[in-house]
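Subject: Structure handover

Hello,

Please find the structure below, followed by notes on what was found in it.

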Amino acid sequence: MIVARAINEKEPDLLVGYETLNLIIKDLGGEVVTELPPADGIWTHDALELVDYDKHSPFGWDAYLGDQWIGSSEV
């Protein structure tokens, strides 16, 4: 589940400041399985939520924009 989007005003928006970085998908062992650039030069919440993370790492994954964690199959 991608958790970058704040669901209330008390939570941080994990996308802010990382929008132009590559999306890095790692398996649960911490190995990078793929790195994807933002299609239009900038990631949006909607674009991140449309990525098929399970296709890239079917046995579990963690997602990052640069070093910013944005979600996991384990959430």
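In which strand does D62 lie? D62 lies in strand 3, where helices (H or I, at least four residues) and strands (E, at least two) are DSSP runs numbered from the N terminus.

Some background comes before the rest. This is a predicted model, in which local features need pLDDT of at least 70 and side-chain atom pairs count only at pLDDT 80 or more, while totals for chains, interfaces and linings use all residues. Residues are numbered from 1 along each chain as its sequence is written, and side-chain values use heavy atoms, with hydrogens and water left out.

D62 counts as buried because its relative accessibility is 17%; buried means under 20% relative accessible area, exposed over 50%, and partly exposed in between (1.4 Å probe, protein chains only). Leaving aside neighbours within four places in sequence, D62 is in contact (heavy atoms within 4.5 Å) with I24, I25, K26, D27, L28, W69, G71 and S72. The C-alpha atoms of D62 and L50 are separated by 15 Å, and the two residues are 12 apart along the chain.

The hairpin

Strand 1 (residues 23–26) and strand 2 (residues 32–36) run antiparallel and are joined by 4 bridges; two strands pair if DSSP finds at least two bridges between them. I24 has E35 as its bridge partner in strand 2. The hairpin of these two strands has 5 residues between them, and G30 takes a positive phi near 90 degrees there.

T34 lies in strand 2. With a relative accessibility of 17%, T34 counts as buried. Its contacts, leaving aside neighbours within four places in sequence, are L23, I24, I25 and H56.

The core

The largest nonpolar core has 14 residues, and those with the most contacts inside it are I2, L23, L48, Y53 and I70. Such a core is a set of buried Ala, Val, Leu, Ile, Met, Phe, Trp, Tyr and Cys residues joined through side-chain atoms within 4.5 Å. Strand 1 and strand 3 (62–65) each supply at least two residues of this core. Not counting residues up to four places away in sequence, L23 touches T34, E35, L36, W43, L48, V51, Y53, A63, Y64, L65 and I70.

Salt bridges

How many salt bridges are there? The count comes to 2, taking a salt bridge as a side-chain nitrogen of Lys or Arg within 4 Å of a carboxyl oxygen of Asp or Glu. In one of them R5 pairs with D46, the closest N and O atoms being 2.9 Å apart. This pair links distant parts of the chain: R5 is in the segment before strand 1 and D46 is in helix 1 (residues 45–50), 41 residues apart. R5 also forms a salt bridge with E49, where the closest N and O atoms are 3.0 Å apart. That pair again links distant parts of the chain, with E49 in helix 1 and 44 residues from R5. R5 counts as partly exposed because its relative accessibility is 35%, and E49 is partly exposed at 40%.

The segment after strand 4

V75 is found in the segment after strand 4 (68–72). At 53% relative accessibility, V75 counts as exposed.

Regards
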